[in-house]
Amino acid sequence: MTPDQHKAQAAQKAVEYVQDGHILGLGTGSTVLHFLTALGTRVQNGLHVKGVPTSQATADYATKLGIPLLNDDEPWDIDVAVDGADQVDPHLNLIKGGGGALLREKIVARAAKQFIVIVDAAKQRPQLGLPFPLPVEILSFGWSTTQRHLEKMGWNAPRREQAGNPFMTDNGHYIVDVQIPVIADPASLESAILQIPGVVECGLFVNMTSLVITGTDKGIQLSQTPNQPSP
Ligand code: 5RP
């Protein structure tokens, strides 16, 4: 099976955790697109949910599928947030932000009672770190000074580019992709990075995940923190 088939498999399983009346956090990325497609079919068949999108791309696709969305400034009471990840470690800590939506994704995941992560098998890693760099969202004001602070911690931190221009997040910020070989202590690293002035958010998601659904050649694999509800 291809990675995309693994993603589709994980997304199909995640839809089973959605119940009528739920407020849903809707992540960003190619795995989430599979989830939205499956969710859209359920909505077209009469399921009532409302979504909180984490990017304009997700909002556009959800709207196309007829999934109702809440406004950005409403006080959300999110039952379940579903999102992809770039890496997952055995403690269910994550690197996210490959798609550049990490800030909204973290706000939405933190606001959810349950945070379900859907991935293909290649995202499972014994430790977080390279080959996937850690995305860090930074203000454009003084960005090269912020980048220098990150590089003084010992790693290269190139600014993300897109078609020859700086990549810009939906929030109008830049992203630097910090090349850290091994992230031995994700919680300490997250705290240290968040203390740098100009850093808006960091792509480490530590102790936030309720359940990881992984699509594999042998079927679905579930990894969860204790006391999680079943579908
Ligand atoms: C976007 C993300 C995505 O969830 C992550 O990059 C995984 O993407 P994909 O599902 O396309 O592999 O964090 O900011």
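**Close-up 1. Strand S7 pairs with S11 in this predicted model.** S7 covers residues 134-138. Its pairing with S11 is antiparallel and runs over three bridges. Val136 sits opposite Cys202 of S11.

**Close-up 2. S10, S7 and S11 form an open sheet of three strands.** The strand order is S10-S7-S11, with antiparallel pairing. S10 (174-178) and S11 (199-202) are the edge strands, and each pairs on one side only. From one strand to the next, the twist averages 30°.

**Close-up 3. Helix H5 lies across S7, S10 and S11.** H5 spans residues 143-152. The helix runs at about 20° to S10.

**Close-up 4. Helix H6 lies across S7 and S11.** H6 comprises residues 186-194. Its direction makes an angle of about 165° with S11.

**Close-up 5. Helices H1 and H2 pack with their axes 8 Å apart.** H1 takes in residues 3-15 and H2 residues 30-44. The angle between the two is about 45°, which means that H1 is oblique to H2. The crossing of H1 past H2 is right-handed.

**Close-up 6. Residues of H1 meet residues of H2.** H1 contributes Asp4, Lys7, Ala8, Ala11, Gln12, Ala14 and Val15. On H2, the partners are Ser30, Thr31, His34, Phe35, Ala38, Leu39 and Arg42. By class, the H1 contact with H2 holds seven nonpolar, four polar and three charged residues.

Note on methods
Residues are numbered from 1 along each chain as its sequence is written. This is a predicted model: local features need pLDDT of at least 70, side-chain atom pairs count only at pLDDT 80 or more; totals for chains, interfaces and linings use all residues. Side-chain values use heavy atoms; hydrogens and water are left out. Axes are lines fitted to C-alpha atoms, for helices over the stretch in contact, and angles run from 0 to 180 degrees between N-to-C directions. Helices (H or I, at least four residues) and strands (E, at least two) are DSSP runs, numbered from the N terminus. Angles under 35 degrees count as roughly parallel, over 145 as roughly antiparallel, 65 to 115 as roughly perpendicular and the rest as oblique. A crossing is left-handed if the near helix is turned anticlockwise from the far one by less than a right angle, and right-handed if clockwise. Contact means heavy atoms within 4.5 Å. Ala, Val, Leu, Ile, Met, Phe, Trp, Tyr, Cys and Pro count as nonpolar, Asp, Glu, Lys and Arg as charged, and the others, Gly among them, as polar. Two strands pair if DSSP finds at least two bridges between them.
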